[in-house]
Amino acid sequence: MTAPTVRGYFTADEVRAAEAELFERVADGVPMRRAAHGLADVVAAELRERTGGVAGRAVTLLVGSGDNGGDALWAGSMLRRRGVAVSAVLLAPERTHAKGLAALRRTGGRIRDDLGEPDLVVDGIVGISGRGALRPRAAELVAAVRVPIIAADLPSGVDPNTGAVDGPAVRADVTVAFGAYKPVHALAASRCGRIELVPIGLTLPEPNLAALEPFSIGAAWPVPDALDDKYSQGVVGVCAGSARYPGAAVLSTGGAVAATSGMVRYAGTGAAEVLAHFPEVIAAQSVSETGRVQAWVFGPGAGTDAAARERFTEILATDLPVVVDADGLTLLADDPSPVTDRSAPVVLTPHAGEFARLTGREPGPDRVAAVRELAEEWRVTVLLKGRATLVASPGCPVHVNEAGGSWAATAGSGDVLSGILGALLATGRAPSWAAAAAARVHSLAANLAAHAHGPAAAPISATPLLHHIRPAIQTLRALAESP
């Protein structure tokens, strides 16, 4: 069977609809038993990894009302059969899942009022129907935990659809997702820890939020074939940098140079600095002198004066794809019509502050809805930067890239990203794919740079990130070529 090229993330409503269909196909209780069995397996594996054994270890369940608490209780009964000492703290005794509680009691599980002294804690407080922060009693218990926490389906207190946290919430070491990944698993990954998916038989729709699988990016990354030349592989123009920010020209152009094997042309005042770092670049002083390109990058360090506006207007007057970053976004905040009236593709790459300047509002807790709304309203592709970078194009699913850390949160990092993205657009890749793939390579390069000198990560700047773009691409291509 062909592996899927994306990982889908499904909202609470989508999962509930899939569960309702599943309940009609299988016997009562089967989905919960499947989920519980998977949860118990993960808990047992964690006990073995962290303590060296399973039998004789202790686990405390934090059990809320409803099915998520039932999953935890059933898992507890299965762990009891493996010799684990299991206790449960019932946070809603009158609404505890009756069959799950009976199963735990039958196998010798204990009910207690405090955490005890466990080796692990299982968070079964709330599931996908939960909203808002933990209630006081649950918050008090979670705050007192001093051992690893394994969350059942999602960390309690974190919104399943947006990943938002507005008060006390669980920060899990491992999250066991039941049946499907939810948006929280990408949008609040730092709260989830390692994520393990347990299939329970759900039939899911096409996702509206998805991540490109790393191997699929490697497989589709542009590399030369036997008939390619430097022109056929994509020629990108970069208009970046200024007297105040010459480094932005170097970083953005460098990102483009590292990303593909075609050609990079530079237009701007930073030609001397760019050529000192990358002599393979073809440099000019103005847009009109640059020569033929197949996509443009405008904005990193370019300034917002009349000369910069003139260069921006000249680039937007072409029928080529354009990446707009940094100072280009500032210019658009004053007047978005140059891109909203444009038929050729435009990719905007704002961080949260630039997003607010463009729209007059912060992205807010529902970043997916915010980026989708801007993309649809302006008819452009929007890449909203963050640990979970979001890419929205009109009529397409939103792509998410969870970076696995914040190593790319450093000055000049976005300049590098703009160059990678522009180079991909010049090869003819669709804006949504190009933006999502560029974000993945960029975040992987940052992680490789942070770990370049050993397993302990160290802070980085944009220059080592730039130098790890090619190793990041190699890593993804190796995944695509592995059996």
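Let's start with strands S17 and S18. Four bridges join S17, residues 388–392, to S18, residues 398–402, and the two run antiparallel. Thr 389 has Asn 401 as its bridge partner in S18. Strands here are DSSP E runs of at least two residues, helices are H or I runs of at least four, and both are numbered from the N terminus. Two strands pair if DSSP finds at least two bridges between them.

One caution before going on. This is a predicted model: local features need pLDDT of at least 70, side-chain atom pairs count only at pLDDT 80 or more, and totals for chains, interfaces and linings use all residues. Residues are numbered from 1 along each chain as its sequence is written, and side-chain values use heavy atoms, with hydrogens and water left out.

Back to the sheet that holds S17 and S18. It is open, with 11 strands in the order S1-S9-S18-S17-S16-S15-S14-S13-S10-S11-S12, and its pairing is mixed. S1, residues 6–9, and S12, residues 282–284, are the edges; each has a single partner strand, so one side of each has no neighbour in the sheet. From one strand to the next, the twist averages 20°.

Now the helices on that sheet. Helix H9, residues 246–259, packs on the sheet and touches S10 (235–239), S11 (263–267) and S13 (295–298). Its direction makes about 160° with that of S11. Helix H11, residues 306–316, lies across S10, S13 and S14 (322–324), at about 160° to S13. Contact means heavy atoms within 4.5 Å. Axes are lines fitted to C-alpha atoms, for helices over the stretch in contact, and angles run from 0 to 180 degrees between N-to-C directions.

Next, the other sheet. Seven strands form an open sheet, ordered S4-S3-S2-S5-S6-S7-S8, with parallel pairing. S4 (110–111) and S8 (194–198) each have a single partner strand, so one side of each is left without a neighbour. Inside, three bridges join S5, residues 120–124, to S6, residues 149–152. Val 121 stands opposite Ile 149 in S6. Helix H2, residues 30–51, lies across S2 (58–63), S5, S6, S7 (174–178) and S8, at about 145° to S8.

On to salt bridges. A salt bridge is a side-chain nitrogen of Lys or Arg within 4 Å of a carboxyl oxygen of Asp or Glu. The structure holds 18. One of them pairs Asp 28 with Lys 99, at 3.5 Å, N to O. Asp 28 sits in the loop between H1 (12–25) and H2, and Lys 99 in H4 (98–106), so the pair ties together parts 71 residues apart in sequence.

Last, the domains. The assignment, automatic or from a database, gives domain 1 (6–207) and domain 2 (214–481). Their centres, taken over C-alpha atoms, are 40 Å apart. How much area do domain 1 and domain 2 bury between them? About 640 Å², 72% of it on carbon and sulfur atoms. Buried area is the accessible area (1.4 Å probe) that two parts lose on being put together, summed over both. In domain 1, Thr 162, Ala 186 and Leu 187 lose the most area to domain 2, together 51% of what that side buries. Eight residues of domain 1 contact nine of domain 2. Across this interface the rule finds zero salt bridges.
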